[in-house]
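Please open the model in your viewer and keep the selection tool at hand.

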Amino acid sequence: MPFIKAMYLNTHSYHSLRYGTISIEDLVEDAIKCNVKALALTDINNVTGVFDFVKLCRKKKIEPIAGIDFRDGNKHLFTGIARNNEGFRELNEMLSNFNIHNEPYNPVNFNHSFVIHPFGSKTIKELKDNEFIGVRPADLNHIITSDYRKNLDKLVVSHPVTFKNPDEYELHKNLRAIENNILLSRLTPAMKAAPDEIMQPMDILYKIYSWYPEIIKNTERLVSDCSFHFEFGTNKNKKTFTGSTYEDKILLESLTMEGLKYRYGENDVAKKRLINELHVIDKLGFSSYFLIAWDIIRFSMSKGFYHVGRGSGANSIAAYCLKITDVDPIDLNLYFERFINPKRSSPPDFDIDYSWKDRDHVQTYIFNKYDSRHTALLGTNPVFKDKGIVRELGKVYGLPKEEMDAFIDNPRDDMNNNEIIQKILSFSEKMYGMPNIRSIHAGGILISEKPITYYTALDMPPKGYPTTQWDMYVAEDIGFEKFDILSQRGIGHISECVEIVSENKGVSVDVHQVEQFKKDPDIKKLIENGETIGCFYVESPAMRGLLKKLRCNNYLTLVAASSIIRPGVSSSGMMREYILRFHNPKGFKYLHPIMEEQLGETFGVMVYQEDVLKICHHFAGLDLADADVLRRIMSGKPRFKAEFSEITDKFFNNCKERGYPDELTNEVWRQISSFAGYSFSKAHSASYAVESYQSLYLKAHYPLEFMTAVINNFGGFYTARTYFNEAKRWGATVHLPCINRSNFKTCIKEKTIFIGFIHVANLEGNMVNGFLTERSTNGEFSDLSDFVRRTACGIEQLIILIRSGAFAFTGKTKAALLWEAHFLHKKETKITGSTLFNVNAKSYKMPELLQHKIEDAYDEIELIGFPVSLSFFDLLKTEYRSKIRAHDLRNFTGKTIRILGLLVTTKYVRTKKKEIMQFGTFLDIEGEFFDTVNFPDSLKNYPYRGTGVYLILGKVVQEFGHPGIEVEKMAKLPILGDPRSE
């Protein structure tokens with residue numbers, strides 16, 4: 001066989017979603033085994049894997065070629081092969097125009113790309129110079145009877161590659177059935193690849209096409225004319241803000257020096273640090289990055305949008321002076337090297353949080369200001385995993401939803417030991433971790449110097465902005481840094497609470513007085529007692545428990561708590577160690593004097609990501625750049641895995657050279673490795689703590705308005721039921737929705753909270769807005785008849801309103817109102833809207849229709865999600881009510897008690913033996929919280945059975961003054977039947 005460079009021009013990886021089965025790594029390894037010297041990656045309608053492919057091919061000495069397999073549904077249209085980088089842009093632009101503007105694929109204007117059409121789809125006369133016909137092995141026998149035999153110079157090899165081996169063909173078919181949403185048995189040949197789409201060694205492929213050496217030569221010429229040159233890691237972002245790097249430097253200096261005076265006044269220490277930062281920022285070419293972030297903040301502040309700048313960006317004094325963040329890096333002794341160090345070719349991203357109501361306005365500004373051709377949202381690539389795979393495969397094999405649910409809930413049940421389930425499990429393992437769909441990053445935006453299509457094709461998801469087809473890791477690899485413009489409910493409830501306080505109390509609140517908040521005794525009391533329900537980041541059961549155990553009453557302790565609550569610290573045992581050392585700072589011994597020197601503030605425990613840098617640098621002698629790379633690897637950044645072994649070796653070798661005992665080195669390494677993947681930077685924790693303090697201030701001084709705002713912004717840790725309970729704990733009276741008092745969202749009048757219509761299931765928003773407008777324009781409704789006459793509310797919606805209690809003000813029972821509603825709607829003539837003269841409707845005497853409170857409670861559970869007029873405890877069949885309450889638990893420490901609790905939330909964890917244990921949070925009969933723990937043996941015998949009231953038998957224990965119950969037995973108690981169905 002003569003030397004053949006390549007013949008694979010239609011190769012699919014698993015980024016051909018729900019089609020290909022091969023990872024990029026396996027594809028390249030197969031190419032090496034098959035002696036392939038040049039390879040084209042042509043995934044279906046996407047370029048997600050191109051840059052990973054190019055980078056790996058270079059490493060393995062294979063010539064990479066970029067392309068796209070263009071398809072319309074299941075129909076293969078043609079394959080585009082980029083001759084060069086301009087050709088890659090052409091392919092990306094055509095795919096983007098289809099995705100964004102629905103423009104048909106039309107490759108006639110390609111100047112830098114080849115087009116390969118399927119055999120038989122085009123005549124030779126229709127082909128331009130850069131167009132060819134692809135010949136699959138199955139097409140070879142048809143050449144002799146076709147017109148193509150006269151023009152062999154326009155034919156090229158087209159042997160597709162889709163799976164690694166024949167076994168993966170079955171996996172491919174399962175993926176195709178998932179994509180087409182049909183049973184596996186219903187797959188047609190057009191929906192799936194041919195069984196032979198497997199990479200063959202070059203000598204075998206040569207033999208297959210050896211009867212037509214001209215086709216092999218054509219393919220070789222095409223491949224030889226293709227190249228894809230790309231420089232990874234160099235800055236691809238918008239290079240200047242002003243149009244000149246020098247002007248950017250001058251503007252940034254001017255703005256930060258002005259901000260320095262605002263933040264610090266005359267402060268030589270701060271000025272020296274700022275000058276140093278500006279030098280590094282300018283040297284690395286990041287001035288425009290800071291200026292664009294400043295511009296975004298300037299716009300949002302001009303619109304009155306409240307923001308929180310957080311993440312590693314808060315380590316920078318320049319960012320603080322530009323008002324991008326509100327965290328003082330000098331006050332908190334933050335490492336600038338955590339944000340930027342000389343080994344980084346691109347800075348980490350800024351995280352800027354906005355209210356969910358404001359974020360879209362900021363995004364629109366960015367796309368308008370920086371040209372949509374150069375701007376895109378960052379994509380993500382969610383993978384198949386866990387329950388999602390089972391559900392998808394269950395549909396493919398025709399399993400009813402009930403059987404899928406039963407398997408997911410109890411996979412070890414003998415009922416699940418059958419052939420279908422075994423097939424599902426087998427394919428689940430193979431699919432696990434494979435890309436499933438493309439989606440959108442939570443808030444990442446890229447602003448590119450060149451048109452973004454030089455790097456990616458763009459999707460247009462429902463969000464409405466062009467979105468890259470690769471994720472944040474590829475973006476960083478390429479040389480982009482993203483701006484994270486995030487939506488956060490916490491900011492929404494802060495800003496809305498300020499508005500509600502102004503309306504309900506006539507008070508103007510400035511939530512930016514954080515330094516004053518840090519001294520507020522009412523806030524200190526809230527934190528110390530864990531009274532933080534509704535407050536940003538500090539409301540979860542675990543966090544409230546930690547605050548109580550620490551007896552936290554100051555900002556710095558809260559900053560630390562925000563990081564040590566993370567899984568890495570708690571699972572390694574260092575969270576408990578931190579609490580012990582916090583309460584007994586002289587009762588422990590540091591591992592090494594350097595640990596005391598560098599981690600004295602946190603009692604020798606690594607709490608922040610910066611602590612990893614400090615210990616790697618000062619203890620193990622790594623330079624700060626290597627230490628930061630190590631931290632990023634441990635944080636799950638896969639792009640740095642290749643450097644992991646080298647830096648790890650350096651860590652251990654340095655420790656040995658310094659004479660450390662192996663036991664000491666291994667323990668420090670254990671703490672680093674268990675911690676780094678989950679920790680926050682100190683700046684990030686500090687930013688969160690600032691926002692927590694703003695929430696805490698509002699709750700301490702305006703608790704009812706605050707809880708109303710929390711309820712209206714949704715998205716908290718708990719359900720609405722828990723937040724309404726919290727409002728009642730703080731003195732509110734909660735009313736059912738009312739036609740004359742409630743709004744679409746929940747509202748408050750003095751101390752009375754009216755549930756908003758948004759909480760009523762199946763109510764139509766347009767209908768609600770319609771009658772609210774009528775009420776605002778022409779006054780309250782006098783009764784049901786007046787409401788029906790003045791609105792266009794249909795009978796179905798009217799029934800929902802009645803059953804939700806919205807007409808309780810009339811004094812009539814629901815049964816009577818429902819009878820009246822049907823009577824009013826049966827009238828042939830109805831007048832809607834206001835009239836000049838209001839004519840009272842005739843009144844009819846109705847029989848007395850009884851309504852039981854239990855019926856009302858079931859209506860409320862169905863429509864609102866929980867009972868309002870009664871409690872869940874009132875619905876119990878048993879009359880037993882434990883005399884012990886949550887506030888009594890400390891008095892029973894060490895004793896076994898019985899207590900009733902309404903389940904609020906649970907969290908399960910795995911023990912070191914891989915057994916499941918579960919933490920529970922309950923409300924007692926008075927609405928007060930208490931916590932439980934179910935160890936594995938107890939949980940197996942007495943599992944949770946969903947929402948409801950439980951009778952709990954367990955031992956009261958205390959940890960650092962925080963009581964809880966170790967559950968021995970528990971049972972969900974039955975409730976009274978639904979009288980509506982009797």
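Select α8 and α9 to begin, two helices that are roughly antiparallel to each other, a label given to angles over 145 degrees, whereas those under 35 count as roughly parallel, 65 to 115 as roughly perpendicular and the rest as oblique. Helix α8 covers residues 245-264 and helix α9 residues 268-283, and their axes come within 11 Å and cross at roughly 155°. This is a predicted model, in which local features need pLDDT of at least 70 and side-chain atom pairs count only at pLDDT 80 or more, while totals for chains, interfaces and linings use all residues. Residues are numbered from 1 along each chain as its sequence is written, and side-chain values use heavy atoms, with hydrogens and water left out.

Axes here are lines fitted to C-alpha atoms, for helices over the stretch in contact, and the angles run from 0 to 180 degrees between N-to-C directions; helices (H or I, at least four residues) and strands (E, at least two) are DSSP runs, numbered from the N terminus. The crossing of α8 and α9 is right-handed, the near helix being turned clockwise from the far one by less than a right angle. To see the contact (heavy atoms within 4.5 Å), show Lys249, Leu252, Glu253, Thr256, Met257, Leu260 and Tyr264 of α8 together with Ala270, Lys271, Leu274, Ile275, Leu278, Ile281 and Asp282 of α9. The residues of this contact divide into nine nonpolar, one polar and four charged, where Ala, Val, Leu, Ile, Met, Phe, Trp, Tyr, Cys and Pro count as nonpolar, Asp, Glu, Lys and Arg as charged, and the others, Gly among them, as polar.

Go next to helix α13 (residues 386-396) and helix α15 (residues 419-431), whose axes come within 10 Å and cross at roughly 130°, which makes α13 oblique to α15. This crossing, too, is right-handed. Ile389, Val390, Leu393 and Gly394 of α13 meet Ile424, Phe427, Ser428 and Met431 of α15, a set with six nonpolar, two polar and no charged residues.

On the α19 side select Asp522, Ile523, Leu526 and Ile527, and on the α29 side Tyr693, Leu696, Tyr697, Lys699, Ala700 and His701; seven of the contact residues are nonpolar, one is polar and two are charged.

Stay on α29 and pick serine 692. Is serine 692 buried or exposed? Serine 692 is buried, with a relative accessible area of 0% (buried means under 20%, exposed over 50% and partly exposed in between, for a 1.4 Å probe and protein chains only). Beyond residues up to four places away in sequence, serine 692 touches Phe536, Tyr537, Val538 and Leu558.

Now colour the largest nonpolar core, which has 136 residues, with Phe771, Leu801 and Phe807 having the most contacts inside it; α29 gives the most to this core, with nine residues. Such a core is a set of buried Ala, Val, Leu, Ile, Met, Phe, Trp, Tyr and Cys residues joined through side-chain atoms within 4.5 Å. Around phenylalanine 807, leaving aside neighbours within four places in sequence, look for Ile739, Leu784, Phe787, Leu798, Leu801, Ile802 and Leu817. Apart from this core lies another, of 65 residues, among them Phe78, Leu95, Met202 and Trp470.

Finish at arginine 898 in strand β17 (residues 896-910), which is partly exposed, with a relative accessible area of 49%.
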